Structures are given as C-alpha cells and as structure tokens.
Amino acid sequence: MRIDIITVQPGLLESPFSHSILKRAQTKGLLEVHTHNLRDYSMLKHNQVDDYQFGGGAGMVMMLEPVVNAIESLQAKVKYDEVIYLTPDGETLNQRIANQLSLKGNLLLLCGHYKGIDERIRIHFVTKEISIGDYVLSGGELAAAVLVDAIGRLIPGVLNDETSALLDSFQDNLLAPPVYTRPEEFRGWRVPDVLLSGDHKKIDNWRHDQALERTKERRPDLL
Ligand code: ADE
C-alpha cells in the first residue's frame, strides 16, 4: 500500500512512521508513506497557503490553488482509491473503517489546518472525510498518523502473527480479554488457573467470556 500525505507541517509526521510496526511494514516493502509539504505547491509569495475567509471572521482558511496543485500533481503519478480529508466534522474512525481502508492500494491524505480548507476542495476532490474523535486538534497531522497506524498494522504480513490483529479489541465488536505474563504469582496475585491449564478449548472459552463481560461493562453500545 502507498500512502501520500499533504501537510503544512511535514515535521510533525517524521517520527510516527519511523518506529516499531510501521517502520517494519515499510522495511518489508508492504507500506510506503510519503509526506508532501503543501508550501512546495504554492505559486504565491512566501509560499503562502492560507488566506482570510470570505464573509469575515477569525481564522485563516487553506487556499484552493496550492491544495489542488498538490493533489493533481500527485494524481498524475498515482491512481488513488480515496482522497481522505482529516477533519473533526468527518465520519468518526472505527475498526470497520480501518479494516476497509487496509484493503486499498493507494491513499491520499490531506491534513487541514487553521479554520480548515476551502469548501470547493472537499466538494471536488475529497472522497472521504475522517475524524479521529469528538475533539479538535491543532491540525490533521496527528489524526493522519493515527489513521496510518490503524490501517498499516492491518496490512497482511505486517504483524508477525497475522491472527493477532484479528484478536484485537473491536475486531468482532468485543473488547479484548485481559492478558497476563510471567511471573505466575506476584504479591499473592495469581494468574487465572485456566490460562495455565494448557487446555486450549477452555482458554478460548474463558477469553470469549471475559471479552463479553468486559464489553458489557465498559462499552455496552458495541453489543
Ligand atoms: N483535525 C482537527 N481535529 C481533528 C480530529 N478530531 N480528527 C481529524 N482531524 C482533525
């Protein structure tokens, strides 16, 4: 999969993809992430990319031309399955959306800043709008990083044990069950006996019951 990200703050996206699972995905050739500085696509003095909004009001708006320029020059080289705008008024990201997007070939992400982008870009270029939650970030970059992480780990072959993504919280609308590791006992707090039993059928049943219990308690809306 190839993901291109258009941003006015490319520095914010340097680190999230250079570690851990997303780094491995790129090393294995399963994921390519390219960031593009929007200012490089401005024709204006000082590489201006924002301007006052028509009708007045506080806050700048990301201008049409640099964004269109950036999108169209990338589209001339790559055929994108989706052009995604990260915005608090988009569809809230969930595991189902991450699953769907992980099956795509090429994605173009657009990070908003200031008061947002000129509405005509949303109308004529953007095919999907995603929010990562009901709160406002200073820009779309961290949201883009969250989205790339959620998608990237689902690409087949990225996780060592492919079943582990399938057992994540939310994959079957259940939260994940509790997990334990060594030691078996600490300050008298014991690991549940069933996990030490070696009986895999029993362990699977226990995990399912625990996941169900946890979901009922914490996120009944998922059931
Ligand atoms: N940009 C600012 N806030 C955001 C959010 N919650 N989700 C996606 N993009 C954003």
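Which element gives the largest share of the shell around the ligand? It is S5, with three residues.

1. Basis. This is a predicted model, in which local features need pLDDT of at least 70 and side-chain atom pairs count only at pLDDT 80 or more, while totals for chains, interfaces and linings use all residues. Residues are numbered from 1 along each chain as its sequence is written, and side-chain values use heavy atoms, with hydrogens and water left out.

2. Ligand shell. The ligand is surrounded by Leu 86, Thr 87, Pro 88, Ile 130, Ser 131, Ile 132, Gly 133, Tyr 135, Val 136, Leu 137, Gly 139 and Ala 143; a residue counts here if one of its heavy atoms lies within 4 Å. Eight of the shell residues are nonpolar, four are polar and none is charged. In this scheme Ala, Val, Leu, Ile, Met, Phe, Trp, Tyr, Cys and Pro are nonpolar, Asp, Glu, Lys and Arg are charged, and the others, Gly among them, are polar.

3. Ligand nitrogen atoms lie 2.8 Å from a backbone N or O atom of Tyr 135, 3.1 Å from one of Gly 133 and 3.2 Å from a polar backbone atom of Thr 87. The protein covers 96% of the 260 Å² of accessible area that the ligand has on its own (Shrake-Rupley method, 1.4 Å probe). Strand S5 (82–92) and strand S7 (128–131) are the elements that give two or more residues to the shell; strands are DSSP runs of E with at least two residues, and helices are runs of H or I with at least four.

4. Helix H3 (residues 95–102). Its buried residues (under 20% relative accessible area) are Gln 95, Ile 97, Ala 98, Leu 101 and Ser 102. They sit on the same side of H3, because they cover an arc of only 160° around the axis, taken from the directions to the C-beta atoms. These residues pack against S5, strand S6 (106–111), S7 and helix H5 (141–152), with contact meaning heavy atoms within 4.5 Å. At the start of H3, a side-chain oxygen of Asn 94 comes within 3.2 Å of the backbone nitrogen of Arg 96.

5. His 113. This residue is in the loop between S6 and helix H4 (119–124). His 113 is buried, at 12% relative accessible area. Its side chain makes a polar contact of 2.9 Å with that of Glu 141. Leaving aside residues up to four places away in sequence, His 113 touches Val 8, Gln 9, Met 62, Ser 138, Gly 139 and Glu 141.

Conventions. Polar contact = N/O pair within 3.5 Å; in protein donor to acceptor, adjacent residues only side chain to side chain. Buried < 20%, exposed > 50% of the residue type's maximum accessible area, 1.4 Å probe, protein only.
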